[in-house]
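Subject: A structure for you, with notes

Hello,

Here is the structure I promised to pass on to you.

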Amino acid sequence: MAMNTSLQVNKTENVNKATDLAEMGITYYKDKIDNIIVKAFTAKTITKPTELDTLLNEMKNEVTKIQTEDGKQNVSGSGISYEIRNLSVDISNPSKILITFRTIGNSEGEKRELSLALNYTIKPGKSLPLYKVNDPGTFSSSSSACHNPQENTNIINQNCFYNPTENVPGVKIENSTLKIIGNEEFDHFKNVTSSKIYVTGDILLNKVNNITNLRLHVEGDLIESNSESKFNNFGGITLIEIEKNAIITSLNNLGENFEMIIGKNLTVNEFKNNTTGKIIVYGDANINAVNSNTNVTMCVFGKYSGYQPKPSYIKVYGEPGFESDSVCGPYARANVPFLLDSNREESIIYK
């Protein structure tokens with residue numbers, strides 16, 4: 001009886017140890033899988049289904065390797081261990097990642113098995129800014145070759161590259177491409193026709209007018225200079241892209257083909273007398289002193305504040321009709337990233 005009791009106690013202890021080992025295996029392999037999946041999505045902007053397919057297949061291959069490369073862990077000799085079995089990765093549903101596996105705990109011949117199901121959700125996030133003005137790169141024409149300060153010549157049919165120590169002169173710019181490294185301040189930005197200007201830093205603007213067919217891209221902020229920043233009388237096909245924030249005192253008398261894209265927040269104190277333009281704000285928008293804006297559409301992906309009641313031409317993401325709107329809809333559906341839900345579902349079954 002004493003021997004039977006001792007054997008029964010040993011058997012119970014080994015069963016309990018096997019259960020503990022199986023649970024250790026669940027934790028160990030779950031963490032390895034979780035690290036692979038989270039790493040696959042971290043710091044990546046995935047906007048196309050084909051890109052998502054590639055990522056998921058690469059992730060699946062990495063997870064599957066666990067069973068062959070790290071399938072068994074010996075805790076104390078070969079008799080005390082845990083191992084993974086029947087590892088399966090299902091990516092057939094484009095919005096789900098389903099992973100199942102078993103762990104077997106082994107304690108001196110006694111085994112205990114646990115099963116785990118991990119369910120990750122992939123969902124579309126809010127639209128990211130989609131810019132149209134590309135970085136022109138570095139070219140050989142220097143600022144001195146583009147403009148002679150003594151003769152005060154205009155910049156016409158030139159490719160001009162400006163280093164941080166060089167300033168763009170306040171002359172007429174026509175049919176030219178300007179690449180500006182760092183920040184740039186314009187006291188009176190005017191008389192620009194059919195030109196492309198790319199700024200890698202912030203741009204400080206005072207008075208802005210007489211602009212036709214301008215393509216301007218700023219990687220930083222558009223902010224007011226020492227006095228009010230006024231945008232008036234834009235004509236032709238004008239595109240202004242600001243990757244960060246924009247603060248503008250007045251935005252008035254815009255032409256029919258005016259388009260402004262703001263990557264973060266926009267503040268405009270006066271917004272009047274504009275026709276057939278579109279402004280896309282991916283952050284918050286604070287707009288004041290609003291009137292007489294015919295056929296203008298402003299799409300705001302963040303929050304709107306300012307003039308009340310909110311004008312009907314200012315559309316806010318999440319409101320009915322935003323994604324079906326002829327202007328806002330394409331921006332809402334384009335360049336939408338796929339995001340991994342941080343709260344995965346999991347279930348453990350003991351056997």
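What follows is a short tour of what was found.

First, some ground rules. This is a predicted model, in which local features need pLDDT of at least 70 and side-chain atom pairs count only at pLDDT 80 or more, while totals for chains, interfaces and linings use all residues. Residues are numbered from 1 along each chain as its sequence is written, and side-chain values use heavy atoms, with hydrogens and water left out.

Let's begin with the cores. A nonpolar core here is a set of buried Ala, Val, Leu, Ile, Met, Phe, Trp, Tyr and Cys residues joined through side-chain atoms within 4.5 Å. Buried means under 20% relative accessible area, exposed means over 50%, and partly exposed is in between (1.4 Å probe, protein chains only). The largest core holds 48 residues, and F231, L251, L266 and F271 have the most contacts inside it. Its top contributor is strand β10 (residues 203–218), with seven residues. Helices (H or I, at least four residues) and strands (E, at least two) are DSSP runs, numbered from the N terminus. There is also a second, separate core of 30 residues, with A22, Y29, I66 and L87 among them.

Leaving aside residues up to four places away in sequence, F231 touches L205, V208, L222, I240, I248, S250, L251, N252 and M260, where contact means heavy atoms within 4.5 Å.

T238 counts as buried because its relative accessible area is 2%. With residues up to four places away in sequence again set aside, its contacts are I211, T212, N213, L214, N257, F258 and E259.

Next come the disulfides. A disulfide is a covalent bond between the sulfur atoms of two cysteines; the rule used here asks for a pair of cysteine sulfur atoms within 2.5 Å.

- C146 and C160 are joined with an S to S distance of 2.0 Å. The link is left-handed, at -115° about the S-S bond. C146 sits in helix α3 (residues 143–146) and C160 in strand β6 (residues 159–162), 14 residues apart. C146 is buried at 4% relative accessible area, and C160 is buried at 0%.
- C299 and C328 make up the other pair, with sulfur atoms 2.0 Å apart. This link is left-handed too, at -90° about the S-S bond. C299 lies in strand β20 (residues 297–300) and C328 in helix α4 (residues 328–333), so the bond ties together parts that are 29 residues apart in sequence. C299 is buried at 0% relative accessible area, and C328 is likewise buried at 0%.

Now for the largest pocket. On a 1 Å grid over the protein atoms alone, a pocket is an open set of points where a 1.4 Å probe fits, with protein on both sides within 12 Å along at least five of seven lines, and lining residues have an atom within 4 Å of a point. Which residues line the largest pocket? They are I36, K39, A40, K44, L55, E58, M59 and E62. Helices α1 (2–41) and α2 each give two or more residues to the lining, and the largest share, four residues, comes from α2.

D53 is also in helix α2 (residues 49–69), and D53 is partly exposed at 43% relative accessibility. D53 and I91 are 38 residues apart in sequence, with their C-alpha atoms 8.9 Å apart in space.

Finally, a few backbone details. Most residues other than glycine have a negative phi, and most peptide bonds are trans.

- A43, in the loop between α1 and α2, has a positive phi near 60°. A43 is exposed, at 82% relative accessibility.
- N157, in the loop between β5 (155–156) and β6, has a positive phi near 55°. N157 is exposed as well, with a relative accessible area of 56%.
- The peptide bond from Q308 to P309 is cis, with omega near 0°. P309 is in the loop between β21 (304–306) and β22 (314–316).

Enjoy exploring!

Best wishes
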